[in-house]
Amino acid sequence: MSEIICNHVKKAYGETIVLHDVSFTIQPHERISIIGGSGSGKTTLLKLLNALILPDEGSIQIDGIDISTMDANLLRQSIGYVIQSIGLFPHMTIYDNITYVLRLKKWDAIRMQQRVEELLHIVDLDATLLTRYPDELSGGQKQRVGIARALAADPKVVLMDEAFGAVDEITRHTLQEELLRIHAVDPFTLVFVTHDIKEALYLGERVMVMKDGCVEQFDTAQHIRQHPKTAFVKQLLSYL
């Protein structure tokens, strides 16, 4: 399943309000892009979905359960999370990075090995990389490892925060294609944060445009192209 419902969520840091009364519903297996400038609240929203922070008001539910009532560690183990800086553990081999959550879940060695083999095929990585360390890999390879780690425990929700922003344009397009292929083969609910309108429209079945902590428009990529609701949305489309 993995339906996500955000109900009147507000979040502030001191006197600065980061999210103003945000509400939306994401359907199971839906691909959602979130786009906005710096300070729009998109990364804060992603952290709220992963219970890294909690809302000051309102609630977030996954499959009908308020995530504030769940064990935060168990919740995060059930959600794939990929960030721009990738966040691989530099002192761990690629194999240990990919299996990190699986070891927390106490998978046995044979089952982990089988899952790693599946993941290498999914993200198109060579098995010879498993004994290497992150600083021995290219940016594109590290991003693929980050995706593999996020998918390792077969999560029903995957959150990606500017995941492809640190790689070159050719690698970025390849990773976008890989992500769409992976999602088509084994669907999950995807929430992808980006600052690139082209990427947002390409990856998202629906696109959420945020500005100053508010949702300016949340609609299909096609409808946003054809019927931008606000001047800010029109401005973003001018970069296409």
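In this briefing, Lys and Arg count as positive and Asp and Glu as negative, while His and the chain ends are left out. With that in hand, here's the charge tally: the chain carries 24 positive and 31 negative side chains, and the centres of the two sets sit 1 Å apart. Keep in mind that you're looking at a predicted model.

**The whole chain**

- If you count up the pieces, you get 10 helices and 10 strands.
- The radius of gyration is 18 Å, close to the 18 Å that the globule rule gives for 240 residues, so the chain is as compact as a globular protein of that length.
- Along its principal axes, the C-alpha trace spans about 50 × 40 × 30 Å.
- Buried residues account for 48% of the 240 residues.
- Look at contacts between residues at least 6 apart in sequence: 67% of them join residues at least 24 apart.

- You'll find Ser40 in the loop between strand 3 (31–36) and helix 1 (42–49).
- Ser40 counts as buried because its relative accessibility is 3%, and the cut-off for buried is under 20%.
- A polar atom of the Ser40 side chain lies 2.8 Å from the backbone oxygen of Gly37.
- The Thr93 side chain reaches the backbone nitrogen of Asp96 at 3.1 Å.
- Again setting aside residues up to four places away in sequence, Thr93 touches Leu130, Thr131, Arg132 and Tyr133.
- Going from Thr93 to Gln113 takes you 20 residues along the sequence and 14 Å through space, C-alpha to C-alpha.

**An exposed loop residue: Asp124**

- Asp124 belongs to the loop between helix 5 (109–123) and helix 6 (139–151).
- Its relative accessibility is 54%, so Asp124 counts as exposed; the cut-off there is over 50%.
- Once you ignore residues up to four places away in sequence, Asp124 touches Arg144 and Glu178.
- Asp124 and Glu178 are 54 residues apart in sequence, yet their C-alpha atoms are 8.5 Å apart in space.

- His29 isn't a glycine, but its phi is positive, near 70 degrees.
- The spot for His29 is the loop between strand 2 (16–26) and strand 3.
- At a relative accessible area of 37%, His29 is partly exposed.
- Lys106 has a positive phi of about 65 degrees, and it isn't a glycine either.
- Lys106 sits in the loop between helix 4 (100–104) and helix 5.
- Its relative accessible area is 73%, so Lys106 is exposed.

Note on methods:
Residues numbered from 1 in each chain as written. Predicted model: local features only at pLDDT ≥ 70, side-chain atom pairs only at ≥ 80, totals over all residues. Heavy atoms only, no water. Contact = heavy atoms within 4.5 Å. Polar contact = N/O pair within 3.5 Å; in protein donor to acceptor, adjacent residues only side chain to side chain. Helix = DSSP H or I, 4+ residues; strand = E, 2+ residues; numbered from the N terminus. Rg over C-alpha atoms; globule rule 2.2 N^0.38 Å. Buried < 20%, exposed > 50% of the residue type's maximum accessible area, 1.4 Å probe, protein only. Charge placed at Lys NZ, Arg CZ, Asp CG, Glu CD.
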